[in-house]
Amino acid sequence: MNSEKVVQEWFTIWRIGDFLNLPITEDFTHVSPFGTINGKKAYLNLVESNKEKFLGYIFQIHDSIYETSKACVRYTAKQGENFSLDVSEWYYFKEGLITKVIAYYHIGDIREDRKLSSD
């Protein structure tokens, strides 16, 4: 299966909430601003324990790049009426499955000392 089809399957599975069937390897790694999760079992257990935070999203894909062994997708994830998250994710593949995801998104307020001035 090519990288575009695997990523499309990833988003379809998240959209329908069937996370136990994600196309990921046993040694899957997920890296995000919250930290690194190593292993398919640990990842699925985390999702299972936090379904309300992981499920129920609508995805608006803005950009995507697909190569043989990796892909990148920029999207907005919306959950309910009041939550929206802009995300860029890199996907890495091994034997037709996702072996690693590196996710980039903002998870909090910008510290005062990091804000840009208009001067």
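A: The largest nonpolar core has 27 residues, and those with the most contacts inside it are Trp10, Trp14, Leu22, Tyr43, Tyr91 and Ile98. A nonpolar core here is a set of buried Ala, Val, Leu, Ile, Met, Phe, Trp, Tyr and Cys residues joined through side-chain atoms within 4.5 Å. Buried means under 20% relative accessible area, exposed over 50%, and partly exposed in between, using a 1.4 Å probe and protein chains only. Helix 1 gives the most to this core, with 6 residues. At least two residues each come from helix 1, strand 1, helix 2, strand 3, strand 4, strand 5 and strand 6 (97-104). In soluble globular proteins, nonpolar side chains tend to be buried together.

Before going on, a word on what you're looking at: this is a predicted model, where local features need pLDDT of at least 70 and side-chain atom pairs count only at pLDDT 80 or more, while totals for chains, interfaces and linings use all residues. Numbering runs from 1 along each chain as its sequence is written, and side-chain values use heavy atoms, with hydrogens and water left out.

Now zoom in on Ile98. Leaving aside neighbours within four places in sequence, Ile98 is in contact (heavy atoms within 4.5 Å) with Val6, Trp10, Pro23, Ile24, Thr25, Phe28, Tyr91, Tyr92 and Phe93. Two of those partners, Trp10 and Tyr91, are also on the list of residues with the most contacts inside the core.

Glu95 counts as exposed, because its relative accessibility is 80%. Its backbone has a positive phi of about 50°, although Glu95 is not a glycine. Most residues other than glycine have a negative phi.

Of the 119 residues, 36% count as buried. The C-alpha atoms fill a box of roughly 50 × 30 × 25 Å along the principal axes. Among contacts between residues at least 6 apart in sequence, 39% join residues at least 24 apart.

Two polar side chains round out the tour. Asp18 sits in the loop between helix 1 and strand 1 and is partly exposed, with a relative accessible area of 32%. The side chain of Asp18 makes a polar contact with the side chain of Asn21 at 2.9 Å. A polar contact is a pair of N or O atoms within 3.5 Å; within protein, one must be able to donate a hydrogen and the other to accept it, and residues adjacent in sequence count only if both atoms are side-chain atoms. Over in strand 4 you'll find Gln79. Its side chain reaches the backbone oxygen of Glu52 at 2.9 Å, and a polar atom of that side chain lies 2.6 Å from the backbone oxygen of Leu55.

Definitions and conventions:
Helices (H or I, at least four residues) and strands (E, at least two) are DSSP runs, numbered from the N terminus.
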